[in-house]
Every structure is written in C-alpha cells, then in structure tokens.
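Please take a moment to look over the sequence and the 3D structure before reading on. The paragraphs below go from the overall make-up of one chain to a few of its residues.

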Amino acid sequence: MIEFTDVVKSYSVGTQALRGVSMRIEDGEFAYLVGPSGSGKSTIIKLITGELKPTSGSVHVNGYSLERIRRRELPYMRRTVGVVFQDFRLIQDMTVYDNVAFAMRVVGAREKEIRARVPYVLELVGLETKSRRHPNELSGGEQQRLAIARALVNNPSTIIADEPTGNLDPAKSLEIMSLLQEINSLGTTMLVVTHAQDLVERFHKRVIAINEGVVVSDGMDGYFEYEGK
Amino acid sequence: MKGNNFGYLIKEGIRGIFLHGFMSFAAVFVTVACLLIVGTFFSVIYNIGLKVEELNEKNEILVFVDETFSDAEAKSVGSDLALVKNVEQAIFIPREEAYEDFREDMGQSGAFDGLSTQTFRHRFRILPTDPQLLEETKAALLEVEGVVKVKVADDVVNLLTTIQNVVSMFSIVVIVALVFVSLLIISNTVKLAMADRRDEIAIMKMVGATNGFIRLPFVVQGFLLGILGSGIAFGAEWLLYNFMANQLVQMDGGLLLTMVPFTQLILPMLVIFAGTGMFVGVVGSFASIRRFLKV
Ligand SMILES: Nc1ncnc2c1ncn2[C@@H]1O[C@H](COP(=O)(O)OP(=O)(O)OP(=O)(O)O)[C@@H](O)[C@H]1O
Ligand SMILES: [Mg+2]
C-alpha cells in the first residue's frame, strides 16, 4: 500500500514541487498518475523510492514510513518496489538474461533460484527467445519489456513505471500497457505515470491527476481533468 | 553471505583490476616500492637492535688495581668494589689469567712474545646491575682505594643506539608518507572502477542492494591490489635482504656488522607486509566508495 498524507516537497532552491498531496493506493490496485510537465509526477516517484524525503507530511510504502526510514532499512524497502524508467537504464554490456539475473544477484539470491526465475519472467514479458542478446540488439519496445522484467524479477509487491511508453509508437505503447495490466492481475500493485491520454481513457482504470503540485482529480474509469488537458 | 556470492565478489574484484590495467599496475608498483622501503628500514633497525642487545650482554667494566699492591692486597679490593652502587658482582682476574686471555685473543702471531705476566695488572671484571648507568658507575669505581683505571667498552653501543634511533625516527616519517601515497593511488584506482560502473551501482541501489553488498567487490579489488603488492614486495625484499647481507660480509668480513639470515625475519616481515598491504587496499577503497553510495 502506498499512502501520501499532506506531502509537501520543496527543492533547496525554494520551488515547491508538491504542495500538500494526499492519496492512497491499495494493495493490488492499478492507478495511472497523469499531469502536465513539471506538475510533480517524478517527484512523487522519487518520494516512493526513498530517493527524496518529504519536506513535511508522511509517505508510507508497504509498511515503511519513508519520512523517518533509516538508511540501513532503505534497501529492504526498495525490494518491495520495482521501478521501470522511461530511459530503461539497462546495462549495455550484459545480455538480456544477465540484466535480469543481475537484479536478483545483487539482493543475494541463490544461483539456483536465479536459473529458475529469470526464464519465467522473460517469458512473461515475451523475451524468452532473446535472452542471449544485448540491449542494443533489441527494439525500443523490447528494451522496455526487459526493464519491466527486471523490475518484476524480485517479486516486488508494487511496481512503479515512470512514462513506460514515452519512447514507443502507439501500437507498442498499447502492448506495454496491456503487459502492465497483466502483471497487475497477477497481484502486483501498479502505479503508472504517463502522458498517453488516449491510452488512459481507453483502459478504464483509476486516474490520479496532478497539477502544480496538488491532486486535482482522482477518479475511476479512465476519467480525469486538469487545466491544460 | 552465501557461497555463490563469494565467487561473484572475487570475479567482480578481478574484473575491476583488469578494467584499468595501467592504474592497477601503478597501484601495485607503488605499493611494492613503499613496502620495499618499509621492509629495508625494518631490516636495518632489527639488525642493529640485535647487535645492541648482544653488545649490552657483553657490556663489562674492567677495573685495574694499583700494580704496587701485593696479590693478596689486590684481591681484597674486591670487597670494596662490591659495595659500590650498581655493582652486581666483581670478579677477580689475576694478572696471569689476563695475560693468558690476551695471548689467546691475539692468536699465534708471536708479536707479543716479549711480554711477561708482570706487564699486566691485577684486575676485576664488574658486572653492572643496570648496563645503562655505566658512566656513573665508572666514576664511583674510580673513588675506590687501589683502583687506578676503569675501562668501559660502551662507545660502539652508544653509536649503534644513536643510529638505531635516527633510523627509526626517519623511517616513521617515510613510512607514514609512503603509506599515504599507496592509499591515495589505490583509492584512485578503485574510484575509476566505480565511476565506470556508476550506472550499475544506480541500478543496484534501485533494486535494493545493500551498501555493504555494493561496496564489497570494490573492497575486494582494493584488497587484492594490496595483497598482490605485498606478495611481490615480500619476494623482492627477500632477494634484496640477502644481497645486502652478502655485501656486508664482503665489506667487513662479518666482524662487527652482520645480518641475521632472512629466515629469522620471515614472520615479522610477513605480518608487516600483509598487514600494510591489506590496510592500504581496504582503507584505500573504502575512502573512494563513500562518495558513491549516497542515496
Ligand atoms: N532537483 C530539482 N531541483 C529543483 N527543482 C526541481 C528538481 N527536480 C524537479 N524540480 C522542479 O519540481 C517541479 C516538479 O518536477 P517533476 O520532475 O516532479 O515534474 P514531472 O511532473 O515529472 O514533469 P515531466 O512530466 O516533465 O517529467 C518542477 O517545477 C521542477 O522544475
Ligand atoms: Mg517526470
């Protein structure tokens, strides 16, 4: 579960990126986070991953209180949250298989578990035949699916995707969104940041809209509104 | 830590070394050079120390008795000598014995055949309680009735002790400087390896690797560099030591300045080399890691 209560976030310069955000995403839920550029979406994600601390208010993620989490606990909180970035952040000199296995290895998984889990996850995202390729030998959509596989492999209870379709054509974007929903249907809480309005409306899911650092609309069924929509 | 992770760490550590072959080479080279200097200073101090100890054991004071004294009178001076402060024991050496000792020391050269026992004075060998207080004891002994001369053989010891102190002082300064240089270069090598892998580290943090886990391959890298350096340095020091020992023997025939065989020094040398190597490697890599682990 992700819960924001009156979260204010100011960057050192004095810009208030978030000006009192409250929201709650239940376990197993699927939600879109939309808003114009500069509205504070990435700031919300960084607060969830513990990269930033709130200036005031509280952020709860899967049982951890992030406004007062200890540095030693942070890695364990992060294992409960898988993150997918718009720019993929893949390791270029590792194969598809190793990019995914790496994420398991660095949290101390056994080689035996890795050999069993990685092929399963690659199959889930449809990359089972490309496990020996390198990221630069994949299309944009395939790279994004690899990034999703990596976010998924440690079986986090929550996945957060920051503009996962930002670099993809409409057909590929649809594929990725469908994949994310499929993963959600297996029980993973999903928060997807996106600009792809048409997709959001099409999928009839919960949409949290944010503008200038405040939640301006939180509705079901693909509906949302904000100034400049 | 599970078994399979150990293999991962060693592999990553070695990968880091070869990724920047030249820097790694430089780091090992500098560590070897530093350790060789450290080891050589240590050898010098160690050997001088042994010599000083040996000479101190032999440290003795000779007291010569007035030659006009009769044998019995000379012998009785001993009871007065024994009362002097810092005198543990006063051993009487009649002139006949002194003569024999002298003949023995000089060998069969025959140059001193003309000497008779009468040339020698009766004497006492004084064993001091505290060998450090030879000068004071000498003065006190001269006060005793019948004593005409007191001989103390401590010049060499004084000289060696001075040399030992100077070398020790100097080497502490040099060693601190050299260890610092090694630290710096190992730290830079590891820093380069980390900068290369900035993206990987970011991903590790994102998926929830602990700082300890992220740090370990780099600590292993520093450790391997340090140990490699100390291993090479140890072998080189061995050769260098034997070379120095041989040179000394050729120079002065092994009379005053001798060096114990290197085998006697293996344990302390190993401790110093491995200890310094590990310290430099591990501390050097820790120093560079800290910056990379924020958030
Ligand atoms: N590191 C930073 N220092 C100062 N200000 C920042 C920083 N990061 C973001 N901001 C500001 O905070 C506000 C929100 O930024 P944020 O990145 O959360 O927006 P966003 O909704 O993700 O935008 P986009 O859709 O363009 O990615 C913006 O005004 C931005 O300029
Ligand atoms: Mg953003």
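Helices here are DSSP runs of H or I with at least four residues, and strands are runs of E with at least two, both numbered from the N terminus. In this predicted model, the secondary structure of chain B amounts to nine helices and four strands, and these elements follow one another along the sequence in the pattern α-α-β-α-β-α-β-α-β-α-α-α-α. Of the 295 residues in chain B, 42% are buried.

Helix H4 of chain B spans residues 95-106 and includes B:Glu100. Together with B:Glu97, B:Asp101 and B:Glu104, B:Glu100 forms a negative surface patch. The relative accessible area of B:Glu100 is 45%, so this residue is classed as partly exposed, a class that lies between the buried limit of under 20% and the exposed limit of over 50%.

Helix H2 of chain B, which covers residues 21-58, contains B:Asn47, and B:Phe22 is found in helix H2 as well.

Is B:Asn47 buried or exposed? With a relative accessible area of 8%, B:Asn47 is buried, because the value falls under the 20% cut-off. A polar atom of the B:Asn47 side chain lies 2.9 Å from the backbone nitrogen of B:Val260.

Methods: Residues are numbered from 1 along each chain as its sequence is written. Chains are lettered from A and ligands numbered from 1 in the order in which they are written. This is a predicted model: local features need pLDDT of at least 70, side-chain atom pairs count only at pLDDT 80 or more; totals for chains, interfaces and linings use all residues. Side-chain values use heavy atoms; hydrogens and water are left out. Patches are made of residues with over 30% relative accessible area and no salt bridge: like charges are joined within 9 Å, nonpolar side chains (Val, Leu, Ile, Met, Phe, Trp, Tyr) within 5 Å. Accessible areas come from the Shrake-Rupley method with a 1.4 Å probe; for residues, only the protein chains shown count as cover. A salt bridge is a side-chain nitrogen of Lys or Arg within 4 Å of a carboxyl oxygen of Asp or Glu. Lys and Arg count as positive and Asp and Glu as negative; His and the chain ends are not counted. The place of a charge is taken as NZ of Lys, CZ of Arg, CG of Asp or CD of Glu. Buried means under 20% relative accessible area, exposed over 50%, partly exposed in between (1.4 Å probe, protein chains only). A polar contact is a pair of N or O atoms within 3.5 Å; within protein, one must be able to donate a hydrogen and the other to accept it, and residues adjacent in sequence count only if both atoms are side-chain atoms.
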